[in-house]
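Here is a short note for your first look at this model. Keep the sequence and the 3D view open side by side, and check each point as you read.

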Amino acid sequence: QLLHWQDLARYMPLIKNTLYLATSATFFAVLLTLAWLYSVPSRSLHNQWLLGCVFVPFLIPQISFLLGIQISLSRFGLDGTWLTLVWVHMIFILPYSWLILAPARQALDSRLDHVAATLGASAWHRFRCLHLPLMAHPLGTAFFIGICVSVALYLPTVFVGAGRINTITVEAVSLAAGGSRGPAGVSAMLQIAIPMLSFVLIRSYLRHRFGSFRDMRSGGLQ
């Protein structure tokens, strides 16, 4: 019913928390992935132990190690802070960023980098003006997937947030458990709207900035 949408203003702090948490965790996950890909030799990227560490959040149930993380953080008084919550969300986003950006990094034609180097471009200039534009669509995909993953995380937010930092997902689950179907429906719709809005914004930026580069569309948002 539209009556429940009249209280939309009370959800705005939750929406702000969700957006801040998702964008921050995704940014640091993508930044860490890029730093990893450019600092580790290419042959080491296929190391089984390295890949095993990256995919730990995929293989182990969340509750099995979140409880230990929460206890460790509470001992040092770090639970319920934005820094630790962003860090925990980044742990779950990192595997997706790796799966998207590692193939894109390896698919870059090294000859383009060699040509730019012969023209006097520094390593930072080549990364900023050559590599990042060539990986624009995979980067956009990584940002979109990271935001979706962060928005959907419930247990990490509850455990590490210690009830002091709430998101729209925590609110939706709490309202649904309490039997408030109308407000829970509004929260669920807002939970869907945030990833959709991020997709539209990222897709619009990529089309505006790199729309003329037809050969750059493979592997990214379509």
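This is a predicted model: local features need pLDDT of at least 70, side-chain atom pairs count only at pLDDT 80 or more; totals for chains, interfaces and linings use all residues.

1. Take α5 and α8. Helix α5 covers residues 82-106. Helix α8 covers 136-152. The two pack at an angle of about 160°, and their axes are 9 Å apart. An angle over 145 degrees counts as roughly antiparallel. That makes α5 roughly antiparallel to α8. The crossing of these two helices is right-handed.

2. Now find the side of each helix that touches the other. From α5, the contact uses H89, F92, I93, Y96, I100, L101 and A104. From α8, the partners are P138, L139, T141, A142, I145, G146, V149 and S150. What classes of residue make up the contact of α5 with α8? There are 11 nonpolar and four polar residues, and no charged ones.

3. Stay on α8 and turn to α11. Helix α11 runs over 181-210. Its axis lies 10 Å from that of α8, and the packing angle is about 170°. The pair is therefore roughly antiparallel. On the α8 side, the contact is made by A136, H137, G140, F143, F144, I147, C148, V151 and A152. On the α11 side, look for Q191, I194, P195, S198, F199, I202, L206 and F210. By class, this contact has 13 nonpolar residues, four polar and no charged.

4. Helix α6 spans residues 110-118, and α7 spans 123-134. Their axes come within 11 Å and cross at roughly 155°. So α6 and α7 are roughly antiparallel to each other. This crossing is right-handed. L112, D113, A116 and A117 of α6 meet R126, L130, H131 and L134 of α7. Here the classes are five nonpolar, one polar and two charged.

5. Next, look for open space. The largest pocket has a volume of about 280 Å³. It is lined by 13 residues. Which of them are closest to its centre? They are A136, L139, Y205, L206 and F210. Some of these names have come up already. A136 and L206 belong to the contact of α8 with α11, as does F210. L139 is part of the contact of α5 with α8.

6. The most come from α11, with six residues. By class, the lining has 10 nonpolar residues, one polar and two charged.

7. The structure holds one cavity of 30 Å³ or more. The largest cavity has a volume of about 30 Å³. T18, L21, A22, H89, S150, V151, L153, T157 and T167 line this cavity. Two elements give two or more residues to that lining: α1, which covers 12-39, and α8. Helix α1 gives the most, with three residues.

8. Check the classes around the cavity too. Its lining has four nonpolar residues, five polar and no charged. V151 is one of the residues in the contact of α8 with α11.

How values were computed: Residues are numbered from 1 along each chain as its sequence is written. Side-chain values use heavy atoms; hydrogens and water are left out. On a 1 Å grid over the protein atoms alone, a cavity is a set of points where a 1.4 Å probe fits but cannot get out, and a pocket is an open set with protein on both sides within 12 Å along at least five of seven lines; lining residues have an atom within 4 Å of a point. Grid points are joined across faces, edges and corners, and a volume is the space filled by probe spheres set on the points. Helices (H or I, at least four residues) and strands (E, at least two) are DSSP runs, numbered from the N terminus. Ala, Val, Leu, Ile, Met, Phe, Trp, Tyr, Cys and Pro count as nonpolar, Asp, Glu, Lys and Arg as charged, and the others, Gly among them, as polar. Axes are lines fitted to C-alpha atoms, for helices over the stretch in contact, and angles run from 0 to 180 degrees between N-to-C directions. Angles under 35 degrees count as roughly parallel, over 145 as roughly antiparallel, 65 to 115 as roughly perpendicular and the rest as oblique. A crossing is left-handed if the near helix is turned anticlockwise from the far one by less than a right angle, and right-handed if clockwise. Contact means heavy atoms within 4.5 Å.
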